[in-house]
Amino acid sequence: MIGGACAGLAFAQARRPWNVLLIAIDDWGASDAGCYGSRYYDTPNIDRLAASGMRFTQAYSACTVCSPSRAAIMTGKYPARLHITDWIAGHPYPWAKLRPPDWTQHLPLEETTLAERFKTAGYATASVGKWHLGGPEFYPDRQGFDRNIGGTHAGQPPSYFSPYKISTLSDGPAGEYLTDRECAEALAFIESRRERPWFVYLPHHAVHTPLQARQALIEKYRRRAGNENVQGNPVYAAMVESVDESIGRLLAGLDRMRLAERTIIALTSDNGGLLRSTTNLGLRAGKGSAYEGGVRVPLIVRWPGVARAGSTSHVPVMGMDLHPTLLAMAGLQPPNEIDGDDFSTLLGGARTLNRRPLFWHYPHYHPGGATPYGAVRDGNLKLIEFYENDRIELYDLATDPEEKSDLAASRTDDAQRLRVRLRRWRHEVGAQMPLANPNYDPGRAGQTGRGRT
């Protein structure tokens, strides 16, 4: 942090510790807001949040699916290091060429979560919404959260309308909408803890399937769907707008409680947009893919008095970086034993970040298109290594963000350098590799068991 930003930060911290609100929208694509280029979705409150803080154009999730990404945010560690490398419990591909390793299907209690670090510093903590990091013994109230409202082992709600049939959330009036309820629960917790610092994690179940929304909003977008928009799913659009309304109520509530100027807000997603729900404009593929559409996500951070209103950063950052960054922004010491990098200096005005390359490791198959792969981004170059056949692809994201032109054959030195770096990183973090499948059947390799992501 530099110049006046430091003075503003020091003054704010002298008044009162920072509150922290971390919002995650499930399966929210990189272009699913007006401030990210959509002309179909109405997101005035998200756009207003971006206009009051910093919008990141090259933010990434730590995985192409949800559970690993959420574990990375909570711990600041790569999913490969945690051995949480697929959504829990994953799609079985019994006849594929490779079989996944014996990976971990919960967030171990031995890991120190972001909530535990805030709680140790005297913060009240709550998780409101989706958890999806293991069964009851691994729920948020066992991981540093004072309250767990709505978090279970499940990756999606049985219903977005009450009765919800969620064991950790009481049903509301018939027809109550889940996104509205999660917002109300978050505001109620904040109101009850307003005299002390708080950390609220609000991982909305929306906009994940099942696609269900209020009928009036669906009809609004159905009337709009006849134009030339490439994003045109009216039910998904209605879900996006409901989340936007939730964010509007949160902002209004913070203003009403006079907490807005001492509350840090971070808004992001856990992976790229699901292609049957949305279109990731200008990016290749979507959730469950090795390509940018699978891992590029929105990220907006508001830090009153520090992050310049309406600013934009093009520096690549990753979900696990939120762990040390939010701690540093709150004036707490980030831990050394994690993989995430503190990017708070970007919010203070810095234009670059001295960081390591970004890595991905997904030793699984996914209906979104992924076969087992690893990837590395170093500068503007991104290399993908496909484990089934050791094939590599290389892209220059500065000139080719849609990953249309594979440069692996023409830039062999860069491809080899990045491949060596990727393999060294896998060794450093103890990544589990997929194994040869003795039941491999080429005729049935693409067949999967039943499952939801």
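Is His 91 buried or exposed? At 12% relative accessibility, His 91 counts as buried; the cut-offs are under 20% relative accessible area for buried, over 50% for exposed and partly exposed in between, with a 1.4 Å probe and protein chains only. This is a predicted model, where local features need pLDDT of at least 70, side-chain atom pairs count only at pLDDT 80 or more, and totals for chains, interfaces and linings use all residues. Residues are numbered from 1 along each chain as its sequence is written, and side-chain values use heavy atoms, with hydrogens and water left out.

**View 1. His 91 and its partner Trp 87.** Look for His 91 in the loop between α4 (79–82) and β3 (98–99). Helices (H or I, at least four residues) and strands (E, at least two) are DSSP runs, numbered from the N terminus. The His 91 side chain meets that of Trp 87 in a polar contact of 3.1 Å. For a polar contact, take a pair of N or O atoms within 3.5 Å; within protein, one must be able to donate a hydrogen and the other to accept it, and residues adjacent in sequence count only if both atoms are side-chain atoms.

**View 2. Asp 414 in helix α12.** Helix α12 covers residues 412–429, and Asp 414 is buried there at a relative accessible area of 19%. Its side chain makes a polar contact of 3.0 Å with the side chain of Arg 411. Setting aside neighbours within four places in sequence, Asp 414 touches Leu 381 and Leu 394 (contact means heavy atoms within 4.5 Å).

View 3. A search of the whole structure turns up zero disulfides, a disulfide being a pair of cysteine sulfur atoms within 2.5 Å.
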